[in-house]
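Hello,

Here is the structure I promised to pass on to you. Please have a look at it first, and then read my notes below.

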Amino acid sequence: MPSPGPEMEIVHLLRAVTVELGLHSARFAQHNAMHPTDVRALIALMDASRAGEEMTAGRLGAELGLNSAGTTSLLDRLERAGHVRRVRGREDRRKVVVEVDERAVELGQAFFGPLIGRAVELLQGYDEGERAAIRGFLAGVRDAAADGA
């Protein structure tokens, strides 16, 4: 176990932030009659959209660690709720991709927007070098956690 020190204080703070963000996400899910995996799916779909990538059901299931039946059940539930839609791929019309409906984006923005706004406001208090350090640290922790998956 690493020795106590200023680094461990930051690690413990990161753990506390992770817990609070998880609780915030769980409140969103509960408030909107969703399962936590539904929220994770919507986040994965929005991340893919921001990156300009199409998300198939298979790829979504792999990212969430779900089997085919679980992915189908998830997508059926999200589609019934009006959060996603299945559409034909842009380049390969034979492929079915999943997109987040704008209403789901608006729902998420209404709930998470104030928190996101506060985080952006906090980051604006740092110079570019400090933001680069924060970005590098968070990316490194994300990668370390993903390596353990």
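**Pockets**

Helix H6 gives the largest share of the lining of the largest pocket, 12 residues. Please keep in mind that this is a predicted model, in which local features need pLDDT of at least 70 and side-chain atom pairs count only at pLDDT 80 or more, while totals for chains, interfaces and linings use all residues. Residues are numbered from 1 along each chain as its sequence is written, and side-chain values use heavy atoms, with hydrogens and water left out.

A word on terms before going further. Helices (H or I, at least four residues) and strands (E, at least two) are DSSP runs, numbered from the N terminus. A pocket is found on a 1 Å grid over the protein atoms alone, as an open set of points where a 1.4 Å probe fits, with protein on both sides within 12 Å along at least five of seven lines; its lining residues have an atom within 4 Å of a point.

The volume of the largest pocket is about 2400 Å³, a volume being the space filled by probe spheres set on the points, which are joined across faces, edges and corners. Its lining has 49 residues, and Leu14, Val17, Leu21, Ala119 and Leu138 lie nearest the centre. Two or more lining residues come from each of H1, helix H2 (36-50), H3, H5 and helix H6 (128-147). By type, the lining holds 32 nonpolar, six polar and 11 charged residues (nonpolar: Ala, Val, Leu, Ile, Met, Phe, Trp, Tyr, Cys and Pro; charged: Asp, Glu, Lys and Arg; polar: the others, Gly among them).

The second largest pocket has a volume of about 230 Å³. It is lined by 15 residues, with Leu45, Ala48, Ser49, Glu53 and Glu99 closest to its centre. H2 and strand E3 (96-100) each supply at least two of the lining residues, and the largest share, five residues, is from H2. Eight of the lining residues are nonpolar, two polar and five charged.

**Thr37 and Leu64**

Thr37 sits in helix H2, and Leu64 belongs to helix H3 (residues 57-64). Are these two buried or exposed? Both are buried, Thr37 with a relative accessible area of 14% and Leu64 at 10% (buried is under 20%, exposed over 50% and partly exposed in between, with a 1.4 Å probe and protein chains only). Although 27 residues separate them in sequence, their C-alpha atoms are 7.7 Å apart.

Leaving out residues up to four places away in sequence, Leu64 touches Thr37, Arg40, Ala41 and Leu74, where contact means heavy atoms within 4.5 Å. Counted in that way, Thr37 is in contact with Leu64, Leu66 and Leu74.

**Aromatic pairs**

The whole structure contains three aromatic pairs (rings of Phe, Tyr and Trp, the last by its six-membered ring, with centres within 6.5 Å; planes under 30 degrees apart are stacked, over 60 edge-to-face and the rest tilted). The ring centres of Phe28 and Phe111 are 5.2 Å apart with planes at 55°, so this pair is tilted. Because Phe28 lies in helix H1 (residues 6-31) and Phe111 in helix H5 (residues 102-123), the pair ties together parts 83 residues apart in sequence. Phe28 is buried, at 4% relative accessible area, whereas Phe111 is partly exposed at 25%. Phe111 also pairs with Phe112: the centres are 5.1 Å apart and the planes at 75°, so this pair is edge-to-face.

Best wishes
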